[in-house]
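Dear colleague,

Please find below the structure that I am handing over to you. A short account of the findings follows.

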Amino acid sequence: MNIILLGAPGAGKGTQARVLVDGNGMVQLSTGDMLRAARNSGTEMGRRVAAIMDAGKLVTDEVVIGLIAEQLEADHGDHDGGFIFDGFPRTLAQADALGALLDARGLHLAAVVELRVDDEALVERVTGRFTCGNCGEVYHDITRPTKVEGTCDVCGSHDLKRRADDNADSLRQRLLEYYKKTSPLIGYYHAKGKLRVVDGLQPVATVTKAVDLALQG
Ligand code: ADP
Ligand code: AMP
């Protein structure tokens, strides 16, 4: 099953994607993770997008569509589940491009799950977020701290990181971009009969149950 997780920055897309990967053998395709990896490995593209990401703006459609196309091409179908698109598409042009990429591979988009969270909660979520640089586990200072301070619960790594763009200023810009360019996708996928809305304000495990239910319906 191929699905899109849609929602504002901090809505819980990455957190839920990891649960779906573990539980259903799905593959998470996060353009944010791909762009951060490009930055960390010092590629030309990574250097070009760094300032745009830190400012909370969207990188160009061409770049992110290219990243997703590469990943889909590299896939050999050697996994049980389908793809979880996390943080992509973020514009109508990206949504059209994804439709064409899936069609070209004979793949079907099963559902678009919108995780709905209000702006106040997003500020708290984003400013408290940290992740494991080794395995990608997502934590939060208050709602999901590590069991042992400074050590990842999943892989034991001490490489816990905060994102450069997880500050109140950048979040304001990212929210503006979300409402201006990404939220029209809610109507777009509703019109296609694909949209499922989940209350993302509930605790992680409750959201997971609601997502499962939404995917069955
Ligand atoms: P996104 O991928 O949508 O930007 P994340 O999954 O990284 O969001 O979550 C943002 C922050 O909020 C993280 O610190 C995460 O631990 C926390 N978080 C995610 N889901 C919930 C939830 N349902 N309740 C409370 N905190 C959550
Ligand atoms: P995320 O990890 O999804 O919060 O993305 C972090 C940043 O990467 C965003 O603020 C954008 O600058 C950039 N980015 C990620 N995905 C996309 C996308 N689909 N389109 C444009 N920019 C993106």
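Two strands are said to pair if DSSP finds at least two bridges between them; strands (E, at least two residues) and helices (H or I, at least four) are DSSP runs, numbered from the N terminus. The model is predicted, so local features need pLDDT of at least 70 and side-chain atom pairs count only at pLDDT 80 or more, while totals for chains, interfaces and linings use all residues. Residues are numbered from 1 along each chain as its sequence is written, chains are lettered from A and ligands numbered from 1 in the order in which they are written, and side-chain values use heavy atoms, without hydrogens and water.

The sheet is open and has five strands in the order E2-E3-E1-E4-E8, with parallel pairing. Strand E2 (27–30) and strand E8 (195–199) are at its edges; each has a single partner strand, so one side of each lacks a neighbour in the sheet. From one strand to the next, the twist averages 25° (axes are lines fitted to C-alpha atoms, for helices over the stretch in contact, and angles run from 0 to 180 degrees between N-to-C directions). E2 and E3 run parallel and are joined by four bridges; Leu29 has Phe85 in E3 as its bridge partner.

Thr91 lies in the loop between strand E3 (83–86) and helix H5 (92–104). Its relative accessible area is 10%, so Thr91 is buried (under 20%; exposed is over 50%, partly exposed in between, with a 1.4 Å probe and protein chains only). Beyond its neighbours within four places in sequence, Thr91 is in contact (heavy atoms within 4.5 Å) with Leu58, Asp61, Lys181 and Leu185.
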